[in-house]
Amino acid sequence: MATHSTGTTASPRSTRTAASRSTGTTASLAVAAGGTWLLVVTVLGAGQEVIWRNGLIWALGALAGLSFLMIGVVIAREHPRNQVGPLMVLLGVAWIPQQMLFLPEDPLWALALCGVWAGVACHLFLAFPTGRLGSLSHRVVTGLAYITALVLSAAQALVLLPLPEPLRHIAVALDDSSWQAALLISGALLVLTVKRWRRASVTQRRAIAPVTGASIVATVAFAGDRVADFFPPNPLQLPAALVMLAAFVAVPLAYLAGLMRSRMDHGRVAELVVHLSRRERPDTLRDELAATLRDPGLTVGYWTAEQDRYVDADGRPVHLDPGPGRAVTRVDQGEAPLAVLVHDAALLEQPLLVEAACAAAALALENERLTADLRARLRQLAASRRRMLQWGESERRRIERDLHDGVQQRLLSVAMTLGLAEAAGAAPGRAVPLIGEAKAAVLAALDDLRAVSHGIHPPVLTERGLAGAVKELAAVSPVTVTVTCDLAPAGPLPQSVETAAYYIVNEALANVTRHAAASKAWVRLARHDGHLLVEVGDDGAGGADPARGSGLAGLADRAEANGGRLTIDSPPGKGTVLRVVLPCA
Amino acid sequence: MRVAICEDSTLFREGLARLLAESGFAVAACVDNADELLTHVAQDPPEVAVLDIRLPPTHTDEGLRAAVTLRERHPEVGVLVLSQYVRVSYAVELLGGRTEGVGYLLKDRVSDLAEFAAAIRRVGSGGSVLDPVVVEQLVGRHRQPGDPLGRLTERERAVLRLMAEGRTNMAIAERLAIAERTVEKHCTSIFAKLDLEASAHDHRRVLAVLRYLNA
């Protein structure tokens, strides 16, 4: 069992090694990082007194910084190639200056760096969930957020220094405009976040919902907090700060929840196994897989070697051009193709889940593939049967017309001519030519009847069976035809098979005469393992194409209508070999 | 000339018997299956056996197989096969490399009494008769450009066809309303153009022509 994914929005598949990393090590690392963080914050000046004085808001701030740092460590370990982990760790570190602002006197360095975390947060929100900044607008807004955060924080610190004019004036102006800048960037961030949400598919939304929700609340609260801060004192200052901090605590927790959920997704694979084993109706596999992968629009295609393509459970061809937001994952069994899943591109983020689900469903997929293969064959058979019925119908009409226009008219004329002869009975000189005329008409009627009977069923087939009939075809062919018959005494062939094989050889030899410019041809009839092989080859021009020329298509129909299969090997300039295998058990 | 008839259709069998009697033949036997014919020929060989291809019990090719057997067992008995259809492959099988005393005709040919009686006499006296339809099919195979048959004149092709039907030079001359000497000249020319060895014997000549046409 192997899966290969390709998709229009595919990200490079991460070879996940997280499974081999021990959860214990990750937890220890996270705790160590958190401990270090607390230690740094405490050593830098946040003593007990400070903590008690600011109580709730200090604790919430610390919680935000700690959760970003610690969950960032966990994510960086779980998804080493995803930038979200490092960004969260960075945010946790950048939070330290913010946490210093509770000191009786804000240290200058803390003031100068206390806005940096906002830039990182903007970067993180926009880079979610892949960790990369997708479009130009995302990059521009992130860049602006960093610049604004650094410049405005620096201005905030510079204002407190005894600066010469006009530098001081500039610093004050910058500091005064900080709330407008915060509003502007928060607005841009919100717009981009909402746009991403609207573009996301159902499956993607499900994955990004918690983090998106928390980040929207955090962004709005951040803007509110900045505005409230700028017009002190006002009653909204504390609630705004609390809401913002709470929202920032929620972001990494939401991410953690998403991670847990993806773990639970894997748990659903176990459910899938149980469901599949209890399955009563065989055609619900797609629904089961769709439920496991949480992708209602999932399409499953099953491989049919016969038609060299994927078909759905009903045997209809599946299009592998997935379109935007969709991706294709191939499921193979050993070297042989088994199935394809056309799924939401978001699932490319969870290759292990897809793989696990496919592995769990392998047996059911194989069963379903056989069924789909059968349905595809039935569909094809029904089509060729319909064409054969139409052919039979038109043949009967032709025979009726031939009888009506030929034999019946001639016999009528015989009756009339004999009537005239009867009337002329007294004058023998007149009767004799009339009788001769009647005789000629009867012989012509016999000729017509022979042609009609041949159209209904070749008489030679009745008299000599397939081998003799094919020899007769070879005997009258303008091209020298060698016939080898290896029909063995395995009992007579079914009549339908004989007829089909006869017409196939007839049409194939006619094609050789008409198109191949061949000097010699051969016909081989061989019977083994309950199959009749009919092979007609020539040394002519080759290049025969079943897609063109209805003759070959007619042959294919005849073969398929008898449960057989036609193959043509016709390289240009190297002759043509036509093979039909007909079941005749 | 004594003739045995083997035909399963009563209508045709009785009609044929009447027709032959009318034309001065003695009908030695009138049977409806191949086994009876073989038995009868073994006991009291006629000069010609006329038989159908489709005979009981399977109504497939019993008559053809019986004809081949007859020719093996009783080379002295002429065999004339009559059928609703004529096939090149049957002709080849029936002749089997020996054109003496054998004929293969469409049943339709009984309508020309004189011609049919002549055919039976020819088979009975060791000659051969091949239906024009079979000859036409054989000639028809040689339509590809570059075939030596294309080098023959219209008249030579007509002579070739009649030769293949098993007719003598005299009969050909009569048919084409030309002198027998002219027919002989045509024959020499045909054999030269087709690179065949000329032969004085009619049946060897037929064999050579048929072999050429069926090659």
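Against which elements of chain B do the buried residues of H3(B) pack? In this predicted model, the buried residues of H3(B) pack against strand E1 (2-6), helix H2 (34-43), E3, strand E4 (78-83), helix H4 (88-95) and strand E5 (102-106) of chain B. The buried residues in question are B:Glu62, B:Gly63, B:Leu64, B:Ala66, B:Ala67, B:Leu70 and B:Arg71. The length of the helix was also examined.

The loop between strand E3 (48-52) and helix H3 (62-73) of chain B contains B:Pro57, and the peptide bond from B:Pro56 to B:Pro57 is cis, with omega near 5°. B:His59 is found in the loop between E3 and H3 as well. This histidine, B:His59, is not a glycine, yet has a positive phi of about 55°. Most residues other than glycine have a negative phi, and most peptide bonds are trans. B:His59 has 14 other C-beta atoms within 10 Å and is therefore partly exposed, since that class lies between the limits of 12 for exposed and 20 for buried residues. A positive phi, of about 60°, also occurs at B:Asp195, again not a glycine. B:Asp195 belongs to the loop between helix H9 (180-193) and helix H10 (202-214) of chain B. Because B:Asp195 has 8 C-beta neighbours inside 10 Å, this residue counts as exposed.

Chain A has 585 residues, of which 37% are buried. Its secondary structure consists of 17 helices and 10 strands. Of the contacts in chain A with a separation of 6 or more, 69% join residues 24 or more positions apart.

The confidence of the prediction was considered next. The average pLDDT of chain A is 82, and 92% of the residues score at least 70. Among the elements of chain A, the highest mean pLDDT, 94, belongs to strand E8 (residues 531-538), while the lowest, 58, belongs to strand E1 (residues 2-7). Over residues 7-20 of chain A the pLDDT is below 50, although this stretch has 28 contacts in the model beyond near neighbours in sequence. Where pLDDT is low, the predicted coordinates should not be read in detail.

The largest nonpolar core comprises 105 residues, and those with the most contacts inside it are A:Leu91, A:Ala357 and A:Ala361. Helix H10 (residues 237-278) of chain A provides the largest share of this core, with 14 residues. Domain 1 (24-265) and domain 2 (282-377) of chain A each contribute at least three residues to this core. Leaving aside residues up to four places away in sequence, A:Ala357 touches A:Val269, A:Leu272, A:Leu289, A:Thr292 and A:Leu293. Another core, of 96 residues, lies apart from the largest one and includes A:Ile504, A:Val505, A:Val536 and B:Val50. In soluble globular proteins, nonpolar side chains tend to be buried together.

The contact between the chains takes 16 residues from chain A and 16 residues from chain B. On the side of chain A that touches chain B, helix H14 (428-456) and helix H15 (459-476) of chain A each supply at least two residues. H15(A) gives the most to this side, with 10 residues. The residues of the side of chain A that touches chain B comprise 7 nonpolar, 3 polar and 6 charged.

Key. Residues numbered from 1 in each chain as written. Chains lettered and ligands numbered in written order. Predicted model: local features only at pLDDT ≥ 70, side-chain atom pairs only at ≥ 80, totals over all residues. pLDDT = per-residue confidence, 0-100. Helix = DSSP H or I, 4+ residues; strand = E, 2+ residues; numbered from the N terminus. Contact = placed C-beta atoms within 7 Å. Nonpolar A, V, L, I, M, F, W, Y, C, P; charged D, E, K, R; others polar. Core = buried A, V, L, I, M, F, W, Y, C linked by C-beta atoms within 7 Å. Domains from an automatic or database assignment.
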